[in-house]
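Here is a short briefing on one protein model. Look at the sequence and the fold, then read the points below.

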Amino acid sequence: MKLFRFGPSGSEKPGVLLADGRAVDVSAFGGDYDEAFLGGDGLQRLQSWLEAHAASAPEVPATERIGPCIARPSKILCAGLNYKDHAEESGMAIPEEPILFTKATSALVGPFDDVVIPRGATKTDWEVELAIIIGQRASGVTKADALNHVAGYAVMNDVSERAWQLERGGQWLKGKSADTFAPLGPYLVTRDEVPDPEGLNLWLSLNGKKVQDSSTAQMIFGVAHLVSYISQFMTLLPGDIISTGTPPGVGMGIKPDPIYLKAGDVMELEVAGLGVQRQDVKAAE
Ligand code: ZN
């Protein structure tokens, strides 16, 4: 299934993109795509509901805003430097264990919403990533069992303010957490439709020019490894997001001079099979 949420920010409704290409409103099923939905076997129940009701479900007009594909989760975790070449372009060592950082959940926005450069920011950058969406509570799970705890996958743009991330001391989350710094979606694509999450092409273009172009096959630590690893340190809850790191081609890595986002820029990005995002960049008012 491909799940999406639509409507004004903060009052999104659930939708499903059906196999026949129709995008339908499934509000009548009841409940948003959140921790309770995923943890309460919602995917299974929704699948059964659709068998009886898909044909009569109202279509979602193409003019509707698309929100993040998950309602605000308990946490967003990100893997840093998880592509060998990206570690190299950043001038940092290849990690021996996953580097983890958090991103504020208030940073979540829809895949076509504007990305706003915060006041005082000077080095705002892009990062196309494969995001894992947790489906079942995971605590101390083995690598072999890890995928059973995954609901599915989505596209994430891990927008980053490099000066705040790297030049202000302490941990990276300061540069990762501003409002609009986490466009997610358009779809939560369920795990059954993504048999090989470590074989997906992903790219990002800036103003029509491709700047990132790689494959999740290049990840240092794969999906099962990350889920199992993180679950040794904390309990992952349904709806939690793990963004798995970005390939080379971020603005910070461009030689000889880095390029950062400015108002008027347009980012487009895709992870194969998970949908395309597009954001206009705006300056804070
Ligand atoms: Zn990242």
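The face of α2 turned away from its buried side carries the exposed residues Gln 44, Glu 51 and Ala 52. Here exposed means over 50% relative accessible area, buried means under 20%, and partly exposed lies in between (1.4 Å probe, protein chains only). Helices (H or I, at least four residues) and strands (E, at least two) are DSSP runs, numbered from the N terminus. This is a predicted model: local features need pLDDT of at least 70, side-chain atom pairs count only at pLDDT 80 or more, and totals for chains, interfaces and linings use all residues. Residues are numbered from 1 along each chain as its sequence is written, and side-chain values use heavy atoms, with hydrogens and water left out.

- The buried residues of α2 are Gly 42, Leu 46, Trp 49 and Leu 50.
- They cover an arc of only 105° around the axis, which puts them on the same side of α2. The arc is that of the directions from the helix axis to the C-beta atoms.
- An α-helix has 3.6 residues a turn, so residues three or four places apart point the same way.
- The buried residues of α2 pack against β1, β2 (13–17) and α1 (35–39). Contact means heavy atoms within 4.5 Å.
- Helix α2 (residues 42–53) has 12 residues, which should span 16 Å at 1.5 Å a residue; its end C-alpha atoms are 15 Å apart, which agrees. The expected span is 1.5 Å times one less than the number of residues.

**Aromatic pairs**

- The whole structure holds 7 aromatic pairs. Rings of Phe, Tyr and Trp (its six-membered ring) pair if their centres lie within 6.5 Å; planes under 30 degrees apart count as stacked, over 60 as edge-to-face and the rest as tilted.
- Phe 4 and Tyr 187 are edge-to-face, because their ring centres are 6.3 Å apart and their planes are at 80°.
- Phe 4 lies in strand β1 (residues 2–6) and Tyr 187 in the loop between β12 (182–183) and β13 (188–190), so the pair ties together parts that are 183 residues apart in sequence.
- Phe 4 and Tyr 187 are both buried.
- Tyr 33 and Phe 37 form a tilted pair, 5.0 Å centre to centre with 50° between the planes. Both of these residues are buried.
- Ring pairs also link Phe 29, Tyr 33, Phe 37 and Trp 49 into a cluster.

**Arg 5**

- Arg 5 is found in strand β1.
- With a relative accessible area of 4%, Arg 5 is buried.

**The zinc ion**

- Its protein donors are Glu 127 (OE), Glu 129 (OE) and Asp 158 (OD), lying 1.9 to 2.0 Å from the zinc ion. Donors are N, O and S atoms within 2.8 Å of the metal (3.2 Å for Na, K and Ca); water is not among the atoms, so sites may look incomplete.
- The donor residues are spaced E-x1-E-x28-D in sequence.
- Glu 127 and Asp 158 are both buried.
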